[in-house]
Amino acid sequence: MQKEFIKGNEAVVKGAILAGCTHYFGYPITPASEIAHAAAFYLPPTGGIFIQAESEVAAINMVYGAAGAGARVMTASSGPGISLKAEGFSYLAGAELPCVIVDVMRAGPGLGNIYPEQGDYNQIVKGAGHGNYKNIVLAPNSVQEMADHGYMAFELAEKYRNPLVILTDAYIGQMMEPVQFPKEVKKVKHFDWAIYADKASRHNLITSIVMSADELEKHNIKLNKKYAEMEKNDTRFEGYKLDDADVVFVAYGVSSRIVMSAVDILREKNIKAGLLRPITLFPFPKKACMDVAGYAKRMIAVELSNGQMVDDVRLAVKGKKEIEFYGRMGGMTPSVEEIVSIVE
Amino acid sequence: MKVPRVEIRIEECKGCHLCIAACPKKVLESSGCLNNQGYIYAKYKGDGCIGCGICFYSCPEPGAIKVFKKEN
Amino acid sequence: MSNILEKPKSFYTDFTRKGSADVITTHYCPGCGHGILHKMIAEAISELGIQDRTVFISPVGCSVFAYYYFDTGNVQVAHGRAPAAGTGVKRALPNSIVISYQGDGDLAAIGTAEIIHSANRGEAMTMFFVNNAIYGMTGGQMAPTSIIGQKTTTSPYGRKAENEGYPIKVSELISQLDAPVYVERVSLADVASRNKARTVVRKAIQNQIDGKGFSFVEVLAACPSGLKKTPLETNEWVKNTLHTIFPLGCYKDETATRTPRFAPAINPTSDQVLTALNLKDDHSDYKASVDKKNFIDQNVKIAGFGGQGVLSAGTTLSVLAMYENLEVSWIPSYGPEMRGGTSNCNVRLSNKRIGSPLVENPNILIAMNGPSLEKFESAVRPGGTIIVNSSIIDAKVSRKDVKTYYVPVTGIATEMGVPAAQGVAALAAYLAATNVIPVEKLEHVVHKSLKRKELADKNIAIIRKVAEYITKGMEDNKKCLTGF
């Protein structure tokens with residue numbers, strides 16, 4: 001089967017539509033706009049719906065409505081837009097609505113600039129909005145994974161009735177690579193909790209309100225159990241030359257690609273380097289981090305940020321190993337040599 | 001039972017008395033009594049209702065007022 | 001018609017969602033307009049026979065708990081977002097009857113954008129806007145519709161136009177838009193107004209059933225608690241004050257002339273999806289010719305100025321390499337590197353999984369203009385290759401540890417009548433000079449990507465001309481250790 005040479009931002013949409021996504025509500029923002037472009041281009045011919053919303057806030061609330069109606073629905077944005085959507089994230093999580101949100105990270109804070117960064121980690125992985133909740137967070141590091149994650153995201157979100165964020169960066173969004181798309185179009189499921197405007201679903205209620213304190217505590221406990229299940233069953237990571245590594249980098253997204261090259265160079269220099277790449281940022285691969293902490297001599301988190309994911313690595317290893325950090329910000333990217341030189 | 005007539009469910013009345021003001025025949029009045037919720041509920045005087053339903057559409061409570069119209 | 005007027009069937013018999021012992025009365029205060037409007041809506045839902053199809057959108061405000069009462073599908077949403085969430089529901093369930101219900105703070109303050117734009121899109125929903133000129137739920141604060149001089153907890157000295165502006169007239173605003181079909185303002189303050197309101201409520205819902213589009217009903221209502229008046233006094237105030245500021249009446253009605261529109265159910269077939277995504281035809285007649293096992297990584301930087309086809313030269317090379325079953329990544333110049341007047345892209349070709357997509361030290365530099373050569377010459381790896389567009393670049397490469405080919409790609413492409421093909425010409429030079437992929441394979445990609453045969457033919461002629469130029473140059477410079 002011939003692969004398709006395609007941009008990350010387009011691949012994620014094609015993957016999602018193959019997974020049964022019928023609705024996209026979004027607002028343009030660099031460097032995520034191609035996602036909206038692709039959704040606007042591909043959805044209407046399938047009979048699906050694309051709406052350019054009046055705002056990021058409106059877009060995420062349209063997602064809320066469509067998700068409540070049982071549709072596979074997605075939106076996308078970048079940091080400044082994600083901040084606006086944060087309200088919606090919280091409501092979606094509270095009302096337990098599965099949906100897919102793509103954050104193509106750019107550099108911040110504020111308007112910052114449009115270059116790649118990974119500074120939205122805390123915002124996305126820790127929730128983004130108010131209250132006790134988590135997003136499922138996938139972190140693709142290739143265009144193939146953008147497609148694959150778009151394809152698998154809905155089922156994962158639906159499994160837990162939880163919003164899912166594909167957290168990517170301007171590099172992975174803007175780059176092009178060959179992609180093998182699946183040929184099977186997934187069927188949309190019928191949910192017993194959703195609103196279908198029919199007799200059977202008439203008594204269903206989509207809400208994030210739980211008025212009594214003890215009921216709301218119970219609701220939160222239930223959500224926490226769900227998050228624990230996610231940790232147990234759906235934590236994903238990739239080890240690259242990890243098994244015998246003395247020096248282990250922990251990196252995701254485009255950082256992990258740069259680190260992979262650095263690992264290869266270090267290996268050529270007879271330095272046993274490896275990469276632990278979280279594919280899910282929540283649930284975070286804590287056990288894998290702890291395992292590595294058991295044998296690696298050094299662990300170094302590399303991020304395009306001021307050090308956000310590194311905190312999760314530190315929590316995961318529970319002080320067993322000192323976790324070093326190397327980060328660049330503002331749209332600057334470490335060169336492969338720069339990463340190599342940390343170790344040499 | 002006699003029709004037309006109006007029934008006011010005491011425990012559903014919140015004592016706003018909008019129905020009393022609205023009734024064109026002035027056949028509703030304050031009972032002067034408190035219900036369990038603490039509202040001075042309205043009551044039908046027992047006679048003179050024409051079944052127009054105006055009180056029903058003045059009442060903010062879904063089920064506090066029931067109007068029995070004349071059989072067609 | 002029944003001879004009994006009673007609690008409409010579209011209300012739940014018992015309001016168990018209240019979670020309190022009292023499951024028969026609402027949470028609304030005595031004399032509240034919400035209860036009256038709820039009753040009118042519930043009655044219309046029942047009598048129009050749409051209870052199963054109806055989805056009620058509860059806002060934030062006193063009507064936040066509307067889902068306690070309406071025995072319909074219920075979606076409770078964030079403050080001000082009912083029209084957006086309603087849009088999501090309606091677009092997912094075109095057959096649904098979406099009733100969006102909002103108060104004045106929700107609709108006319110925090111949700112102004114959502115209501116205006118849902119109206120402007122003509123979303124096929126019925127919108128109820130309860131205007132009681134006060135925030136009830138949060139404790140009697142000023143609403144966007146509070147009147148000048150009105151004392152509230154946040155305008156304790158009275159609303160002042162110079163500080164808070166004027167009461168906002170939403171029906172007037174909405175009626176100025178093209179898409180809405182029906183906009184009317186009614187009141188619940190007296191018997192005649194309530195009678196009128198009942199018919200308007202029904203019409204606004206009927207419009208949705210009939211596929212007529214966006215219908216908007218503003219309802220002037222009493223909030224005795226917020227206004228700190230008795231229910232009767234409040235109704236008097238609504239009549240004497242609000243009615244003068246917010247005149248009742250129909251602001252727009254195109255019900256009679258609108259063509260009904262019913263969006264189809266959304267249920268794409270696999271075939272529809274695969275066709276739309278261009279994934280049906282994966283026939284490939286390409287025969288790979290690269291010895292993948294012995295392929296040497298190509299880290300290519302193609303740089304020039306905008307309009308030279310630098311980025312598309314990169315994607316063309318990438319597609320060719322993909323056909324050759326190589327690993328490929330392409331990334332446009334991005335980040336700080338972009339500054340300085342050059343546009344460039346990084347292409348990596350490898351027989352192994354590609355790590356960093358960035359090309360910091362290319363082994364192939366294709367320099368399409370002077371600044372590009374100046375900027376990247378020093379970054380080229382020793383032993384690497386530089387293709388210099390000699391039509392534009394006068395400078396010579398000073399490095400002795402790289403092979404350089406001076407090829408007038410702009411000149412050749414222009415001569416052959418397709419200046420836009422200079423990027424492809426440069427690619428041809430690179431492939432002909434290095435033979436990492438046979439240059440004639442480029443023709444296949446050109447054929448596939450250029451739909452216009454005439455243009456494809458011209459591009460192919462250019463590729464051949466460049467290849468010939470390189471071959472001849474190599475013959476002229478037999479050793480060919482340092483290019484030409």
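Reading helix 11 and its surroundings in chain A

In this predicted model, helix 11 of chain A is followed by A:K318, whose phi is positive, near 50°.

Q: Which residues of helix 11 of chain A are buried?
A: In helix 11 (residues 309–317) of chain A, the buried residues are A:M309, A:V310, A:D312, A:V313, A:A316 and A:V317.

Q: What puts these residues on the same side of helix 11 of chain A?
A: The arc they cover around the axis is only 160°, so they lie on the same side of helix 11 of chain A. They pack against helix 5 (121–125), strand 12 (247–250), helix 10 (286–295), strand 15 (298–303) and strand 16 (323–327) of chain A.

Q: Why does A:A69 count as buried?
A: A residue is buried if 20 or more other C-beta atoms lie within 10 Å of its own. A:A69 has 29 C-beta neighbours inside 10 Å, so A:A69 counts as buried. A:A69 is found in the loop between helix 3 (56–68) and strand 4 (73–77) of chain A. Among the residues that A:A69 touches are A:Y196 and C:V89.

Q: At what angle do helix 9 and helix 12 of chain A pack?
A: Helix 9 (residues 253–268) and helix 12 (residues 336–343) of chain A pack at about 55°, and their axes are 8 Å apart.

Q: What makes helix 9 of chain A oblique to helix 12 of chain A?
A: Angles under 35 degrees count as roughly parallel, and 65 to 115 as roughly perpendicular. The angle is about 55°, which makes helix 9 of chain A oblique to helix 12 of chain A. Their contact has nine nonpolar, one polar and no charged residues.

Methods
Residues are numbered from 1 along each chain as its sequence is written. Chains are lettered from A and ligands numbered from 1 in the order in which they are written. This is a predicted model: local features need pLDDT of at least 70, side-chain atom pairs count only at pLDDT 80 or more; totals for chains, interfaces and linings use all residues. Axes are lines fitted to C-alpha atoms, for helices over the stretch in contact, and angles run from 0 to 180 degrees between N-to-C directions. Helices (H or I, at least four residues) and strands (E, at least two) are DSSP runs, numbered from the N terminus. Angles under 35 degrees count as roughly parallel, over 145 as roughly antiparallel, 65 to 115 as roughly perpendicular and the rest as oblique. Ala, Val, Leu, Ile, Met, Phe, Trp, Tyr, Cys and Pro count as nonpolar, Asp, Glu, Lys and Arg as charged, and the others, Gly among them, as polar. A residue is buried if 20 or more other C-beta atoms lie within 10 Å of its own, exposed if 12 or fewer, and partly exposed in between; C-beta atoms are placed from the backbone. The arc is that of the directions from the helix axis to the C-beta atoms. Two residues are in contact if their C-beta atoms, placed from the backbone, lie within 7 Å. Lists of a residue's contacts leave out its neighbours within four places in sequence.
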